[in-house]
Amino acid sequence: MTKVNFMTLSEAKIGSVVRINSIEESVLTPRLMTMGLIPGTRVEVLRSAPLGDPIAIRLRAYNLAIRKDDAARIEVSPVD
């Protein structure tokens with residue numbers, strides 16, 4: 001049985017590909033889901049700003065910048 005390592009999107013390393021497991025409930029959750037951040041979606045972490053906030057991600061067919069605080073509300077797991 002393989003152990004799955006859960007982390008938040010804000011903890012994912014630059015260049016890694018992860019899959020969204022869940023999004024913590026907040027007033028921003030519907031907006032994030034409208035932008036395509038839904039459970040099961042593959043996300044590639046592209047880069048971060050010089051001070052680490054925001055981070056750039058690629059999902060579906062577009063790039064998106066997301067604040068680190070918001071990324072910390074998104075639980076992800078690595079994609080093999």
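Me: Why is R60 called exposed?
Reply: Exposed means over 50% relative accessible area, buried under 20%, and partly exposed in between, with a 1.4 Å probe and protein chains only. R60 has 53% relative accessibility, so R60 counts as exposed. The model is predicted, so local features need pLDDT of at least 70 and side-chain atom pairs count only at pLDDT 80 or more, while totals for chains, interfaces and linings use all residues. Residues are numbered from 1 along each chain as its sequence is written, and side-chain values use heavy atoms, leaving out hydrogens and water.

Me: What makes the phi of R60 worth a remark?
Reply: Most residues other than glycine have a negative phi. R60, in the loop between β4 and β5, has a positive value near 50°.

Me: How do you know that β4 and β5 pair?
Reply: Two strands pair if DSSP finds at least two bridges between them. Strand β4 (residues 55–59) is joined to β5 by 5 bridges, and the two run antiparallel. L59 stands opposite Y62 in β5.

Me: What makes β1 and β5 edge strands?
Reply: Strands here are DSSP runs of E with at least two residues, numbered from the N terminus. The open sheet has the order β1-β6-β2-β3-β4-β5, with antiparallel pairing. β1 (7–8) and β5 (62–66) each have a single partner strand, so one side of each lacks a neighbour in the sheet.

Me: How do you know that the radius of gyration agrees with a compact globule?
Reply: The radius is taken over C-alpha atoms, and the globule rule is 2.2 Å times the number of residues to the power 0.38. For 80 residues that gives a value near 12 Å; the protein chain has 12 Å, so the two agree.

Key:
Helices (H or I, at least four residues) and strands (E, at least two) are DSSP runs, numbered from the N terminus.
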